[in-house]
Amino acid sequence: MMPTMQSLLLPALLASSALAASADDWRQRTIYQLITDRFALEDDSGASCDTADRKYCGGTWKAIQNHLDYISGMGFNAIWISPVVKNVEGDLGYGEAYHGYWTQDLDSLNDRFGSEDDLKALVSAAHDKDIYVMVDVVVNHFAGSGKNFDYDNFSPVSGSSSFHPQCWIKDEGNQTEVEQCWLGDETLALYDINTEDNAIASKLNDFVKNIVSTYGFDGVRIDTVKHIRKDFWPDFASSAGVFTIGEVLSDNVTYAADYTEVLDAILDYPTYFALVNAFTNTSGDLSALQNTVTEAQDKYKNGELMTGSFSENHDYARLASKTSDKSLIQNAIAFNYIHDGIPITYYGQEQGYTGGDEPANREALWLSGYPTDNAFYKGIVALNAARKSAMNAGTNFLTTKLAFQSQSDIGAMAVSKPPLLGFFTNTGSSGSASWSVDGAYDANEELVDVLSCNTVTADGSGKVTATSSGGMPQVLIPTKYLSSDAGVCQDQAGGAMSMRVSAMAGLAALVAFVVTAL
């Protein structure tokens, strides 16, 4: 029997709705980072979880699946989950491996988080909601005792010859030592894998290829990238077959830039350190933040357009542990959504969590009750809405580098990334700041600040001026571009339904028509 036009068309239509995972696709996303053990419980019991104990608290993949709507409700369309493979058991001196970074067996899952079916179900459920899933991987080392070295308890590589000869990293300025000596100490050692061995490198490439294909992950976040030779990474990334973003822990733009040549993206630590300095006190250096971003735009392979932009993560104290001024924190959060990179928000920031240095910054989110009516949560909703509306405006938002607009006020920063204009200040809730940007928009263009829903109108020359209210940032977008389905400032929104929503709705209607015709 000859195939009908409908039978040929339907698979193509269905395939076109599948999630993609290229670097360009990821650039259109915003990411919610979570620690699997601390995000949610399956029974929502609200069980206690003392971060100081450094023990498992019971979070699972199934529990994440049950709370995907909480994540998507903020506007996120990607999640970054903890490493999923088997970790060492018990307390080796620094608590248990609840975070997932003390690997023992790359070939097995961490059954503390659930089963193989549970993980597959999470990824499938996320995809059904148009949410990408990024898995965290560690291939620099395994974890074990720092005194009684046991090289045979690991998989898929084991035996002393599979690891670099033991030496502790003491000089971060010595790159050979950084790559071939060990992290950790005599209490807990991180056994540094001999990635110079081609057979071992091949096993690690097979690992990432298999874990991505088995579970359908859309991206890979790679731990401790600078501790492995740079020429290892292209084959590893190619084996993954999806978007890769690496942790290169350094405040030096020049040092970090080298790794943008071997992976799709890096986490933008140089900007992170400058951002924290700028917005955790009222004497922070805004010019240093500007200089860091400008340098990175020049030196990174794709500028800052292929970076991960963040203001908190699992390794450093939360902003609210450094300042009680919520306006300063709001400025730091907002900056990352007008930054050139992919915005990443660390779980709990939307609830104003205040944990200090690790492990205090790894709180149980279920203890918050997942409210959606606080200022940080609402602010993130608005920022995600603004970014999506900007993407849909047809102004090449994702490929246009941000530009700093000179300000006379030392406590004020203005950033243009059309169609968005960001006004930031570190004067604090009791301070004042003013901004003025020439020729930013068309004459008499009406704009709305998505964080307050207040409107501003450019003058006859397109100049925009504004003053701060309680030290809060402003993120302006022309009202004609704010999507009517964005969910924020609906009284001011003048834009049409987002193109992605419209396209998906049109696709669904077309598929329904074809199915009916069949």
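Visitor: What makes the charged end of Arg 29 sit over the ring of Tyr 132?

Guide: The charged end of Arg 29 is 3.7 Å from the centre of the Tyr 132 ring. A charge sits over a ring if NZ of Lys or CZ of Arg is within 6 Å of the ring centre and within 35 degrees of the ring normal. Arg 38 likewise has its charged end over a ring, that of Tyr 98, at 3.9 Å from the centre. This is a predicted model, in which local features need pLDDT of at least 70 and side-chain atom pairs count only at pLDDT 80 or more, while totals for chains, interfaces and linings use all residues. Residues are numbered from 1 along each chain as its sequence is written, and side-chain values use heavy atoms, with hydrogens and water left out.

Visitor: Why is the pair of Tyr 269 and Phe 310 called edge-to-face?

Guide: Rings of Phe, Tyr and Trp (its six-membered ring) pair if their centres lie within 6.5 Å; planes under 30 degrees apart count as stacked, over 60 as edge-to-face and the rest as tilted. The centres of Tyr 269 and Phe 310 are 5.0 Å apart and the planes are at 75°, hence edge-to-face. Tyr 269 belongs to helix 11 (residues 269-279) and Phe 310 to strand 13 (residues 307-310), so the pair ties together parts 41 residues apart in sequence. Helices (H or I, at least four residues) and strands (E, at least two) are DSSP runs, numbered from the N terminus.

Visitor: What makes the disulfide of Cys 453 and Cys 489 left-handed?

Guide: The torsion about its S-S bond is about -90°, so the disulfide of Cys 453 and Cys 489 is left-handed. Its sulfur atoms are 2.1 Å apart. Cys 453 is partly exposed at 25% relative accessibility, whereas Cys 489 is buried at 7%.

Visitor: How many disulfides does a search of the whole structure find?

Guide: The search finds three. Counting bonded cysteines along the chain, their pattern is 1-2, 3-4, 5-6.

Conventions
Disulfide = S-S within 2.5 Å. Buried < 20%, exposed > 50% of the residue type's maximum accessible area, 1.4 Å probe, protein only.
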